[in-house]
Amino acid sequence: MDAQLRKSIAEEAAEYRPMLYRMALIQLKNADAAEDATQETLLAAVEKAVTFEARSSLRTWLFAILRFKILDIMRDQSKSRKFNSPLPTDDRGIDDYETGAFDVLFDTNGCWLDAKDPWTNPQTVAEQEAFFKVLEACMTRLPARTSRAFLMREWLELEPSEICAKLGISHGNLRILLYRARMQLRLCLDLNWERT
Amino acid sequence: MADPLSCKETTWLVSEARERALSSEERQNLAEHIATCTFCQGASRQFEVLFKEIDNYLGNSRSEKAAQK
């Protein structure tokens, strides 16, 4: 019974490997470390297969395991950094902190240029999965730095002050990155998700 | 009486509200603007769906709280 459960979890979980890897890579910025974290997450899932409760989705469960791994790695990194390696260099682009990209959506008075049709609100599991597919595609299109800050906030659930310290940016810059992520996701979903 | 918000400023507050509780003045300005602007009513509904599904997708603590309700 256990062996069968493990096997089915292993097979299903493998489908999430690409997304888990992408999420790990965005945060860890190192292909080997991301690959390790992904592999460990999948192994842990198989090992703990009996504790998986079907009421939560497998993806949510895998994301939760990976989340703890990444927070652990970050904690270790910030400990060792204090003693040996210098702070990472700031790799932001010059336009990273401008909101200008979204100005085209508004007129000179800051008013929306066009009406916003309501989206189909996902109700069933199938509709929600369809929405997640579009959301996932839209998330992978975010610039790396924007995506990293956004997922630190929304997924790892770090406090804004912790994120600023880790990324070496000001609070104002973080607000802009988060704003850009949300604006870009709304726009992308608006172009690719069904309307009512 | 505070200056009325533009739609663009409204989107700022909608994003900010994910990080901190808005002040009562901000909440009032936001509500007043949205009440009179159909474009912002549409955008706010889209943001509501977006934020709810981001929480569900990532399985963060907000989605757990929503599920307990």
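I count a contact when heavy atoms lie within 4.5 Å. A reminder to myself before going on: this is a predicted model.

**Entry 1: Leu189(A)**
With that cut-off, I looked up the neighbours of Leu189(A), leaving out residues up to four places away in sequence. Leu189(A) touches Trp119(A), Phe131(A), Val134(A), Leu135(A) and Cys138(A), and from the other chain Leu50(B).

**Entry 2: the core**
Next I checked the largest nonpolar core, which has 74 residues. Leu189(A) turned up again here: along with Met23(A), Trp155(A) and Leu50(B), Leu189(A) touches the most other members. Which helix gives the most to this core? I found helix H8 of chain A, residues 171–192, with 10 residues. I also noted that domain 1 (1–86) and domain 2 (90–196) of chain A each supply at least three residues to this core.

**Entry 3: H6 and H7**
Then I turned to a helix pair in chain A, H6 (residues 144–154) and H7 (residues 160–167). Their axes come within 10 Å and cross at roughly 145 degrees, and the crossing is right-handed. From H6(A), I listed Arg145(A), Arg148(A), Ala149(A), Met152(A) and Arg153(A) in the contact; H7(A) brings Pro160(A), Ile163(A), Lys166(A) and Leu167(A). I sorted these residues into 5 nonpolar, 4 charged and no polar.

**Entry 4: Thr41(A)**
Is Thr41(A) buried or exposed? I call Thr41(A) buried because its relative accessible area is 0%, and the cut-off for buried is under 20%. Thr41(A) sits in helix H3 of chain A, residues 31–47, and touches Leu20(A), Leu62(A), Ile65(A), Leu66(A) and Lys69(A), not counting residues up to four places away in sequence. Last, I checked Thr41(A) against Leu167(A): they are 126 residues apart in sequence and 25 Å apart in space, C-alpha to C-alpha.

Conventions
Residues are numbered from 1 along each chain as its sequence is written. Chains are lettered from A and ligands numbered from 1 in the order in which they are written. This is a predicted model: local features need pLDDT of at least 70, side-chain atom pairs count only at pLDDT 80 or more; totals for chains, interfaces and linings use all residues. Side-chain values use heavy atoms; hydrogens and water are left out. Axes are lines fitted to C-alpha atoms, for helices over the stretch in contact, and angles run from 0 to 180 degrees between N-to-C directions. Helices (H or I, at least four residues) and strands (E, at least two) are DSSP runs, numbered from the N terminus. A crossing is left-handed if the near helix is turned anticlockwise from the far one by less than a right angle, and right-handed if clockwise. Ala, Val, Leu, Ile, Met, Phe, Trp, Tyr, Cys and Pro count as nonpolar, Asp, Glu, Lys and Arg as charged, and the others, Gly among them, as polar. A nonpolar core is a set of buried Ala, Val, Leu, Ile, Met, Phe, Trp, Tyr and Cys residues joined through side-chain atoms within 4.5 Å. Buried means under 20% relative accessible area, exposed over 50%, partly exposed in between (1.4 Å probe, protein chains only). Domain bounds come from an automatic or database domain assignment.
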